[in-house]
Amino acid sequence: MIDRISSGFHPFVLPFMFGMFFVLGYCLFGLVRILCQLPRDDRKHFLLTLITPKYIWKNIKDIFLNCLIHVKLWQRNKLLGYMHSSIAFGWFMLIVLGHVQTWMFVPHRMSKMYYPIFFNYFVADVDKTFAGQVLAFLMDFFLLMVLSGITLAIIKRIRSRWFGMRRTTKLSLTDNIGLYSLWLIFPLRLVAESFTAHISGGSFLTEPLNWMLRWTLGSGFFANEGNMLPSWWAYSIDLCIFMCILPFSRYMHIPAEMLLIPMRNAGLQIRHARKGFARAEVFSCPSCGVCIDACPMSVKKANIKDTTVYLNRQIRRGNERRIEEISDKCLLCGKCTALCQVGVEGPVLRIAQRATRKYNFDPDFSNISTLAMQEAVSGGSGKVLYFAGCMTSLTPGISQAVESVLQKAGVEYKFMDKDGGICCGRPMLMAGRFHQAWQLIKKNTEIISASGCDTLLLSCPICYKVFKEHYRLEGIRVVHHSEYFYELSEQGRLKINKGDLNYVFHDPCELGRGSGIYKQPRSLIGQSGYLVEAEKSHQESICCGGSLGSLTLGFEARKEMTQNALRNLTIAGPDVIVTACPLCRATFRRYADRPVRDLAEVVDRNS
């Protein structure tokens with residue numbers, strides 16, 4: 001191949017160059033801004049990971065798998081996975097192969113940034129080689145791949161249910177401009193490269209179209225080689241439009257996610273509601289709408305715009321009123337995070353927003369005396385300390401069943417809050433009142449440390465997750481009753497008799513998605529009777545609707561959410577609904593048409 005244009009330049013490349021420099025400049029400014037917003041220690045640690053081999057290879061692997069191949073989407077929905085990866089990976093390969101062509105055939109043009117993008121306009125294929133034909137084939141192959149992905153994307157906007165999505169995000173003006181300019185890029189590239197295929201060479205896609213444009217359509221516009229230039233101008237201008245609109249549209253997630261991945265691998269966390277790592281998460285949201293169907297609140301159409309995708313949009317716009325409304329309404333069940341292909345932490349973002357709010361009161365729990373409670377648990381020889389928690393105290397049948405099972409298994413234990421205790425701190429944490437939560441955590445730590453126990457047993461998943469993540473209990477194991485009863489059964493200390501009832505298990509949000517405990521409760525239920533699965537279970541389990549995470553939803557507003565969760569649970573016709581959370585048990589019992597029991601009650605009845 002040789003240069004067809006001696007200067008190696010044509011004015012039609014200027015729109016592309018403008019767009020490229022604009023988006024690169026914007027991204028560089030955004031990167032510096034986010035880095036400056038990070039706390040000093042976080043910034044230092046993050047920068048060090050960028051030059052640490054272990055992190056370098058992990059970052060490269062994760063960026064390749066998540067940004068180009070979209071493995072998370074493939075695992076969940078193969079059609080959506082192919083759609084996204086064909087566009088992202090196909091476009092990436094077109095850029096890479098364009099640089100390979102330039103380097104192989106006209107290496108003196110490598111300094112011109114636009115050359116690999118418009119390679120087929122500037123060169124002429126005068127001596128066909130095997131390498132040239134292979135590269136031409138690959139270029140057509142990846143162009144076809146991208147076009148197939150674009151076709152699926154168009155169909156998805158019209159018939160989202162064919163892709164397993166009941167709802168998609170309503171796009172803003174800038175999102176629509178970005179969407180349509182993206183859809184046009186590759187058809188325009190196909191036409192432009194087909195116009196010059198008889199000059200620069202082509203393959204199975206561009207050469208037949210070249211023949212059709214030049215001969216089949218007669219002596220009109222397409223048959224005139226002098227009219228090939230407008231197609232290259234259109235391609236360049238469309239690239240410019242897409243790159244200029246990208247920072248203000250959903251497509252900002254493309255560069256933002258490439259920053260978010262190494263930041264997450266470095267272990268950074270959200271420290272501020274809208275700065276640093278939180279800002280990287282917000283801009284990494286692709287606005288795909290997966291979180292809309294995932295959100296239990298979206299069973300009511302009025303709540304759709306309170307989902308995480310719309311929270312991210314309002315944060316980018318700085319709409320304070322809507323940010324506050326959306327943040328307060330959320331149940332914090334975590335399902336949006338579990339299903340998000342990018343891993344945007346919707347609940348954490350909302351709690352961070354709540355933490356910025358000023359209240360007219362500032363409760364102080366530092367003066368609570370723990371002496372009497374320390375004395376109550378310091379005696380005896382039991383090495384297991386049972387903490388029921390607030391919600392279990394309101395459903396005493398659960399704590400009674402836990403005690404009964406422990407006694408049957410011959411476990412010596414102490415009941416930490418039988419006569420009253422101190423909240424684990426979770427409600428304060430969810431409200432963003434971290435100082436007050438720490439005061440409660442400190443008080444409970446004093447009581448637990450005085451007990452002399454080596455195992456802290458919880459029957460509430462909410463308490464369990466807080467004790468696991470926010471308490472520093474040196475030498476003390478924190479365990480949920482589903483785990484502990486499973487261990488007792490495996491050790492032969494707890495004998496469970498199999499009955500003839502069909503049970504369905506509801507995965508509580510904090511126990512399943514929050515803590516990854518799925519196997520143990522199902523094993524115990526399988527020993528007690530016959531287990532049938534809900535339509536959606538494990539990490540896709542539907543929140544009961546009773547979560548304390550929402551600060552504004554009342555009972556009536558939650559009713560439809562609970563009924564939707566019950567429909568999901570009863571699709572296989574179980575005799576009994578089982579959960580492992582006192583809040584879920586109390587919530588389901590309001591509307592269930594069959595018995596709802598805690599796992600401890602089922603084990604107790606069958607042992």
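Which residue in E8 is the bridge partner of Tyr 503? In this structure, that partner is Leu 531. Let's look at the whole protein and then come back to this pair.

## About the model

This is a predicted model, in which local features need pLDDT of at least 70 and side-chain atom pairs count only at pLDDT 80 or more, while totals for chains, interfaces and linings use all residues. Residues are numbered from 1 along each chain as its sequence is written, and side-chain values use heavy atoms, with hydrogens and water left out.

## The whole protein

The protein has 29 helices and 10 strands. Both kinds of element are DSSP runs numbered from the N terminus: helices (H or I) have at least four residues and strands (E) at least two. The C-alpha trace spans about 95 × 55 × 45 Å along its principal axes.

Of the 607 residues, 55% are buried. Here, buried means under 20% relative accessible area, exposed means over 50%, and partly exposed is in between (1.4 Å probe, protein chains only). Now take contacts, meaning heavy atoms within 4.5 Å. Among those between residues at least 6 apart in sequence, 74% join residues at least 24 apart.

## Strands side by side

Back to our opening pair. Strand E7 (residues 502-505) and strand E8 (residues 530-532) pair in the parallel sense over three bridges; two strands count as paired if DSSP finds at least two bridges between them. E7 also runs parallel to strand E9 (residues 576-579), again with three bridges. In that pairing, Phe 505 has Val 578 of E9 as its bridge partner.

E7, H26 and E8 together make a right-handed β-α-β unit. Right-handed means that, with the strands pointing away from the viewer, the path from the first strand over the helix to the second runs clockwise. Another parallel pair is formed by strand E5 (residues 455-458) and strand E6 (residues 477-480), over four bridges. The chain crosses from E5 through helix H24 (residues 461-470) to E6, and this β-α-β crossover is right-handed too. Within the pair, Leu 457 stands opposite Val 479 in E6.

## A closer look at helix H26

Which residues of H26 are buried? They are Gln 520, Pro 521, Arg 522, Leu 524, Ile 525 and Ser 528. The buried residues of this helix pack against helix H25 (481-490), E7, E8, E9 and helix H29 (599-605).

Gln 520 sits in H26, which covers residues 519-528. Why does Gln 520 count as buried? Gln 520 is buried because its relative accessible area is 17%. Not counting residues up to four places away in sequence, Gln 520 touches Ser 482, Glu 483 and Tyr 486.

Thr 392 belongs to helix H20 (residues 389-394). With a relative accessible area of 0%, Thr 392 is buried. Beyond residues up to four places away in sequence, Thr 392 touches Tyr 386, Ile 398, Ser 399, Ser 459, Cys 460 and Pro 582.

Glu 345 lies in the loop between helix H17 (335-339) and helix H18 (346-355). Is Glu 345 buried or partly exposed? Glu 345 counts as partly exposed, because its relative accessibility is 24%. Leaving aside neighbours within four places in sequence, Glu 345 is in contact with Ile 270, Phe 277, Glu 281 and Thr 337. From C-alpha to C-alpha, Glu 345 and Cys 544 are 20 Å apart in space, and they are 199 residues apart in sequence.
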